[in-house]
Amino acid sequence: MYNIVGKNKILLSISAVLVGASILALTLWGLKPGIDFTGGTIMEINYTNERPTATTINEELKGLNLGQIDIRYSGDNGVILRFTETNEQVHQEILQKLGQPEETRYESIGPTIGKELTGKATWAVVLVLAAILLYLVWAFRRLSRVVKKGESWRYGAGAMLALFHDVIVMLGLFAVLGHFRGTEINSTFIVAILTVLGYSVNDTIVIYDRVRENLLVDGWRDFRNTVNRSLNETIVRSLGTTVTVIVAILAVYLFGGESTRDFILAMIAGVATGAWSTIAIACPFLLLKRK
């Protein structure tokens with residue numbers, strides 16, 4: 001049996017570095033919000049013939065009061081445009097001035113809707129975290145009766161720390177990507193966070209559940225060994241599930257469309273950190289200030 005808990009200091013140190021680097025990136029650069037949060041328009045078009053330069057596109061759209069136009073190339077013939085909120089009439093004028101290219105994406109969101117979405121997204125994450133905490137306390141309530149009062153809250157707190165770790169690392173990654181690649185966060189990023197929260201806590205519960213089973217059988221004599229044995233009994237399944245999920249969504253990242261790539265990248269990062277935090281954060285927390 002491999003002594004996994006004997007490496008707790010190393011595992012925690014790696015997590016501390018990841019979280020510290022993520023917080024530093026968020027402090028220095030912050031996140032780059034997309035039009036879902038700030039309002040505006042995003043248009044993705046493809047040219048069947050030669051793609052015009054950014055200067056030519058700017059000249060063609062001059063006079064439509066689109067504000068500062070952000071122009072980026074996509075693939076061999078695609079162009080992604082970002083500008084202020086517009087109506088349908090202006091939308092059609094843009095297409096006409098650009099020569100009626102193939103339009104693959106068009107979204108226009110007002111600033112009020114963006115603010116509402118920001119508030120709802122924040123509340124969604126907070127409510128999901130609160131629901132997960134209460135569920136874990138309820139699911140492990142038997143330990144509070146058998147081991148000692150309040151024991152189930154320790155399991156809930158351990159899972160919460162792991163989830164905060166996962167979210168901070170995801171935010172830090174997108175702060176780096178936003179600074180160096182211009183990657184924006186949008187509503188799909190919130191979906192990715194909520195999905196990862198569910199995956200990560202599921203992975204944590206699998207190991208916590210085995211700890212509970214072994215603890216109820218072996219008793220409280222050597223809790224450190226009980227946690228280590230539980231990790232050894234579940235780690236192959238946990239890592240196998242994680243690798244399978246990552247391989248599946250990696251295929252979507254490589255062969256899917258450009259519009260879903262950032263969402264898939266957030267999923268890959270979240271699933272990986274979710275599996276890691278269960279071993280490096282959630283389980284060591286059960287041993288905190290215990291022999």
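Author: Welcome! Helices and strands here are DSSP runs, numbered from the N terminus. The model we are looking at is predicted.

Reader: Thanks! With that in mind, where is the place of N65?

Author: Happy to start there. N65 counts as exposed at 71% relative accessibility, because the cut-off for exposed is over 50%. Its phi is near 55°, a positive value in a residue other than glycine. As for its place, N65 is in the loop between α3 (54–61) and β2 (70–74).

Reader: And Q100, is that residue buried or exposed?

Author: Q100 lies in the loop between α4 (88–97) and β4 (102–109). Although Q100 is not a glycine, it has a positive phi of about 55°. Its relative accessibility is 51%, and the cut-off is over 50%, so Q100 counts as exposed.

Reader: Let's turn to the helices. At which residue does α10 bend?

Author: Good one to check on the model. Helix α10 covers residues 261–286, and its 26 residues reach 37 Å from first C-alpha to last, close to the 38 Å expected at 1.5 Å a residue. There is a bend of about 45° in α10, and its place is S277.

Reader: Why is α10 described as largely enclosed by the rest of the structure?

Author: Burial is judged by relative accessible area, with buried meaning under 20%. Helix α10 is largely enclosed because, of its 26 residues, the number buried is 21.

Reader: What span should the 31 residues of α7 have?

Author: The end C-alpha atoms of α7 are 45 Å apart. Just after α7, G182 takes a positive phi of about 75°.

Reader: At roughly what angle do the axes of α7 and α10 cross?

Author: Helix α7 (residues 151–181) passes α10 in a right-handed crossing. By class, their contact has 17 nonpolar, six polar and four charged residues. The two axes come within 8 Å, and they cross at roughly 145°.

Reader: Last one: leaving aside neighbours within four places in sequence, which residues is T273 in contact with?

Author: T273 sits in helix α10. With 10% relative accessibility, under the 20% cut-off, T273 counts as buried. Its C-alpha is separated by 8.0 Å from that of S200, 73 residues apart along the chain. Leaving aside those sequence neighbours, the residues in contact with T273 are H165, D166 and V169.

Notes:
Residues numbered from 1 in each chain as written. Predicted model: local features only at pLDDT ≥ 70, side-chain atom pairs only at ≥ 80, totals over all residues. Heavy atoms only, no water. Helix = DSSP H or I, 4+ residues; strand = E, 2+ residues; numbered from the N terminus. Expected span 1.5 Å × (residues − 1). Bend = angle between axes of the 7 residues up to and from the residue. Buried < 20%, exposed > 50% of the residue type's maximum accessible area, 1.4 Å probe, protein only. Axes fitted to C-alpha atoms, helices over the stretch in contact; angles between N-to-C directions. Left-handed = near helix turned anticlockwise from the far one by under 90°. Nonpolar A, V, L, I, M, F, W, Y, C, P; charged D, E, K, R; others polar. Contact = heavy atoms within 4.5 Å.
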